[in-house]
Amino acid sequence: MIAPPPRPAAPRLPPLADLHRHLDGSLRPATLKALAAARGVRLPDDIRFFTHMGLDAALARFETTLACLQDPDAVARVADEMCRDAAAEGVTTLEIRFAPRLHRGAPMQRIVDAAIEGIGGRAGLILCALYGDPPDAVRALVDLGRGKAVGLDLAGGPLPAHRWGLMDYREAFAAARAAGLGRTVHAGEGRPPSEIIAAIEHLDAQRIGHGTTLLHDPRALELVIERGVVIEACPTSNVHTGVIERFDAHPLPRWLSLGVRACLNADNTLLSDVNVADEYGAARRMPGMTPALWRRAIEHGHRAAFPRR
Ligand SMILES: [Zn+2]
């Protein structure tokens with residue numbers, strides 16, 4: 001029997017797009033419980049993020065969800081449920097992302113195939129490399145995704161201990177382009193806007209995840225507008241990681257009024273206890289948001305999806 005989706009569809013919203021939704025942060029609560037019980041994983045009392053917990057603490061919670069998602073069956077199940085849940089929210093353009101190397105229950109190719117199988121043609125799949133990965137591993141991800149995935153992402157965040165940084169992935173991202181994969185990069189997630197510039201100039205990023213510091217540097221803003229780069233905004237997630245003070249303080253309305261192609265996304269439906277219908281519903285009340293800007297954000301989301309083959 002298929003469990004009902006966790007939330008009813010929000011009323012009176014047009015069809016929505018969600019381009020930034022992590023598989024390992026978007027399990028149904030009941031599925032997390034079932035997978036944890038079957039695999040002997042101990043769950044915390046409450047796995048959800050909370051306001052201003054910080055990016056590192058937020059990232060640490062993925063260890064628990066990932067412990068439940070090591071094998072292809074679990075990956076396929078969650079990918080399938082994510083597609084059903086998104087459809088119930090009114091999402092008609094969906095991209096799901098995950099980092100195959102964090103799922104060690106089978107060779108990476110089988111893990112990717114499981115995600116593709118679970119998605120069953122209802123969403124695009126983005127493969128995430130992680131900040132700090134060796135460049136060869138990022139390059140290998142491109143081969144893994146060729147003809148199957150729609151895009152390549154760089155997720156997580158840079159740490160001082162990392163030997164490799166964003167600039168070291170130039171070759172891999174160029175290979176992604178040559179392989180027909182879209183490029184998106186988690187950049188400027190509370191970190192300096194120079195990271196956004198580097199992602200666009202060196203990794204040829206067509207989309208930026210978060211980009212909350214975009215307005216801190218006019219050069220970054222100019223580059224994003226000039227190249228039509230899309231910013232995947234995730235305000236609730238940003239409040240949880242503490243890179244944005246409050247939901248209403250998110251720069252989305254300002255971005256849109258300046259001509260930035262930005263859209264709203266859930267990031268992690270389980271961990272942030274949110275969906276993109278909630279985000280669009282709440283964004284209507286952001287200071288500076290107008291109905292026209294709000295509709296434009298929805299259009300940007302649909303138009304910025306990476307082509308599927
Ligand atoms: Zn993300």
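## Zinc site

His20 is buried, because its relative accessibility is 0%. This histidine belongs to the donor set of the zinc ion in this predicted model. The protein donors are His20 (NE2), His22 (NE2), His186 (NE2) and Asp267 (OD). They lie 2.0 to 2.6 Å from the zinc ion. The site is irregular, with angles of 80 to 168 degrees among the 4 donor atoms.

The donor spacing in sequence reads H-x1-H-x163-H-x80-D. His20 sits in strand E1 (residues 16-22), and His186 in strand E5 (residues 182-187). The pair therefore ties together parts that are 166 residues apart in sequence. His186 is buried too, at 3% relative accessibility.

## Ser237 and its contacts

Ser237 is placed in helix H10 (residues 235-241). Its relative accessible area is 2%, so Ser237 counts as buried. Leaving aside neighbours within four places in sequence, Ser237 is in contact with His210, Asp267 and Ser272. Of these, Asp267 is also a zinc donor.

## Cysteines

The disulfide count is 0. For Cys128, the closest cysteine sulfur is in Cys234. That distance is 12 Å, again too far for a bond.

Cys83 is buried, at 5% relative accessibility. Cys128 is buried as well, with a relative accessible area of 5%.

## Aromatic pairs

The whole structure holds 2 aromatic pairs. One of them joins Phe49 and Phe62, with ring centres 6.3 Å apart. Their planes meet at 75 degrees, so the pair is edge-to-face. Phe49 lies in the loop between helix H1 (29-39) and helix H2 (55-60), while Phe62 lies in helix H3 (residues 62-67). The pair therefore ties together parts that are 13 residues apart in sequence.

Tyr280 is in helix H12 (residues 276-283) and Trp294 in helix H13 (residues 291-303). The pair links distant parts of the chain, 14 residues apart. Tyr280 and Trp294 are buried.

## Arginines over rings

Two arginines place a charged end over an aromatic ring. That of Arg191 sits over the ring of Tyr131, 5.3 Å from its centre. That of Arg207 sits over the ring of Phe306, 3.9 Å from its centre.

Terms used: Residues are numbered from 1 along each chain as its sequence is written. This is a predicted model: local features need pLDDT of at least 70, side-chain atom pairs count only at pLDDT 80 or more; totals for chains, interfaces and linings use all residues. Side-chain values use heavy atoms; hydrogens and water are left out. Donors are N, O and S atoms within 2.8 Å of the metal (3.2 Å for Na, K and Ca); water is not among the atoms, so sites may look incomplete. Four donors count as tetrahedral if all angles lie between 85 and 135 degrees; four count as square planar and six as octahedral if opposite donors are over 155 degrees apart and all others between 65 and 115; anything else is irregular. Helices (H or I, at least four residues) and strands (E, at least two) are DSSP runs, numbered from the N terminus. Buried means under 20% relative accessible area, exposed over 50%, partly exposed in between (1.4 Å probe, protein chains only). A disulfide is a pair of cysteine sulfur atoms within 2.5 Å. Contact means heavy atoms within 4.5 Å. Rings of Phe, Tyr and Trp (its six-membered ring) pair if their centres lie within 6.5 Å; planes under 30 degrees apart count as stacked, over 60 as edge-to-face and the rest as tilted. A charge sits over a ring if NZ of Lys or CZ of Arg is within 6 Å of the ring centre and within 35 degrees of the ring normal.
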